[in-house]
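Have a look at the chain first.

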Amino acid sequence: MNGKALNANMLYYLFDSTNMHRWNDHLRTLDLSEMDKQAHKTAIAWVLGKCEEDTGAAIDWHRLIEHNLFSFIQRIALTDLKPQVFHRIEEEKADDVSRYVLCEFDRSVPHTDEGFRKRFEEYLYSDRSSKEDAVIRAAHYLATKWEFDTIYEVNRSVYGIEDTKKEIDGQIGQHSDLAGVRDLMTKRSDLDNFIDIVGQLRFQQRWARTPRIPKTTVLGHSLLVADMVYLNDCDCGVEGEQVYNDFYTALFHDLPEVLTKDVITPVKTSVSGLPDLLEGIEHEMMEKRIMPLIPAGWREELRFMAYDPFSDSDLPRRNGKEIKACDWLAAWMEAHISICYGVSSKSMRDGKVDIGRKLTAVGGYGETIDAFDIIADFEKMEI
């Protein structure tokens, strides 16, 4: 039976990547999860895609978004293989690996949209030679380099660390035909700083005052929201620029928090006038600290994505209520899954109930994503 692309099994499959730890054979200065790596990669791919457009090249953003998600799903199925092993297996056993990945996906997500699954299968068996796939690969290596730079100094005495450094630099160099990669390779550019400041959202924990597992970051949460929005757009038959606007608004909706830190909801709602004051401060700091890091031609678009992400818009087209519903659902999942894992608190249980009430209210935002059915399926799921 044909299901929906946005469903509880798919969301748990993606969320479980938070439990996949990267560089865990090295000394790490912070926890590095696969979810966060994929989120950073996705933001970097946006930068590289915009750079290509600035040279006059055409980018199929729908393909870029979907293939980025497909590469994420593939990586989850292959767990935490070291990159060298992953790429060698992929090269020498490509068809066998694709069959295995598809089997794992079907086992974990048994009822999904047939069209989505068919496109995923076609992706796995394709040569991935498009411009968009090249952008995704380059973004992958740049995100890996960012992670490596955070651990390099404390691992200088580790055998083979210099070989790892050369290998990563070489992989990035193979993509020097991309304008953004050339820019990032030749100098410490403003775009380097933008990528770094996006990466700093990996430092910020969600539900910071509440014991919770797995811990999730603001950046990882943003990718989960963005992928939810994209899957729902697939179910709704959304096409054209709205796919782009919905996805990247969701991805960058928390970007101002890199400058102000996350202010928990009870504080926001209890202090009169605080939300408006914070919003003004965030916009002011964004204009001073972040907007100068990107080309002038991108700035109005980023303002649209980051300044008022939950508002509907007709020109350009965007479903802000859907993005807000996905934001709430991601937060509900973070609480629910931790409670299922056995780590809970009164504030988390209260938060789960409050968010669930908002999502399942008749006529509320949750109806835009069929949240009632997704929550019901989560409640029945063995986690």
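Let's begin with His-111, which sits in the loop between α5 (94-108) and α6 (114-124). Helices here are DSSP runs (H or I, at least four residues), as strands are (E, at least two), numbered from the N terminus. With a relative accessibility of 47%, His-111 counts as partly exposed; buried means under 20% relative accessible area, exposed means over 50%, and partly exposed is in between (1.4 Å probe, protein chains only). From His-111 to Lys-131 is 20 residues along the chain, and their C-alpha atoms are separated by 31 Å.

A quick word on the ground rules. This is a predicted model, in which local features need pLDDT of at least 70 and side-chain atom pairs count only at pLDDT 80 or more, while totals for chains, interfaces and linings use all residues. Residues are numbered from 1 along each chain as its sequence is written, and side-chain values use heavy atoms, with hydrogens and water left out.

**Two buried spots**

Now for another histidine: is His-40 buried or exposed? His-40 belongs to helix α2, and at 0% relative accessibility it counts as buried. Leaving out residues up to four places away in sequence, His-40 touches Ala-143, Trp-146, Ile-195, Val-198, Gly-199, Arg-202 and Leu-219, where contact means heavy atoms within 4.5 Å. His-40 and Asp-196 are 156 residues apart in sequence, yet 9.4 Å apart in space, C-alpha to C-alpha.

Ser-17 has its place in the loop between α1 and α2. Its relative accessibility is 0%, so Ser-17 counts as buried too.

**How α12 packs against two helices**

Helix α12 (residues 241-252) packs against helix α2 (residues 34-54) at an angle of about 125°, and the axes are 11 Å apart. With α11 (residues 218-236), α12 makes an angle of about 160°, and those axes are 7 Å apart. Axes are lines fitted to C-alpha atoms, for helices over the stretch in contact, and angles run from 0 to 180 degrees between N-to-C directions.

What do those angles amount to? α2 and α12 are therefore oblique to each other, whereas α11 is roughly antiparallel to α12. Angles under 35 degrees count as roughly parallel, over 145 as roughly antiparallel, 65 to 115 as roughly perpendicular, and the rest as oblique. The crossing of α2 with α12 is left-handed, and that of α11 with α12 is right-handed. Left-handed means the near helix is turned anticlockwise from the far one by less than a right angle, and right-handed means clockwise.

On the α2 side, Ala-39, Thr-42, Ala-43, Trp-46 and Lys-50 meet Tyr-244, Phe-247, Tyr-248, Leu-251 and Phe-252 of α12. The residues of that contact divide into eight nonpolar, one polar and one charged. Nonpolar covers Ala, Val, Leu, Ile, Met, Phe, Trp, Tyr, Cys and Pro; Asp, Glu, Lys and Arg are charged; the others, Gly among them, are polar. For α11 with α12, the count is nine nonpolar, two polar and three charged.

**Salt bridges**

Side chains of opposite charge can pair when their charged atoms come close. A search of the whole structure turns up 32 salt bridges, each being a side-chain nitrogen of Lys or Arg within 4 Å of a carboxyl oxygen of Asp or Glu. Here are some of them.

| Pair | N to O distance |
|---|---|
| Lys-4 and Asp-370 | 2.1 Å |
| Arg-22 and Glu-34 | 3.2 Å |
| Lys-50 and Glu-53 | 3.8 Å |

Lys-4, in the segment before α1 (8-15), and Asp-370, in the loop between α18 (346-360) and α19 (371-380), are 366 residues apart, and their pair links distant parts of the chain. Lys-4 is partly exposed at 41%, and Asp-370 is partly exposed at 33%.

Glu-34 and Arg-22 are both buried. Together with Glu-147 and Arg-202, they are linked in a network of salt bridges.

Lys-50 and Glu-53 are three residues apart in helix α2, so about one helical turn separates them. Lys-50 counts as buried at 7% relative accessibility, while Glu-53 counts as partly exposed at 30%.
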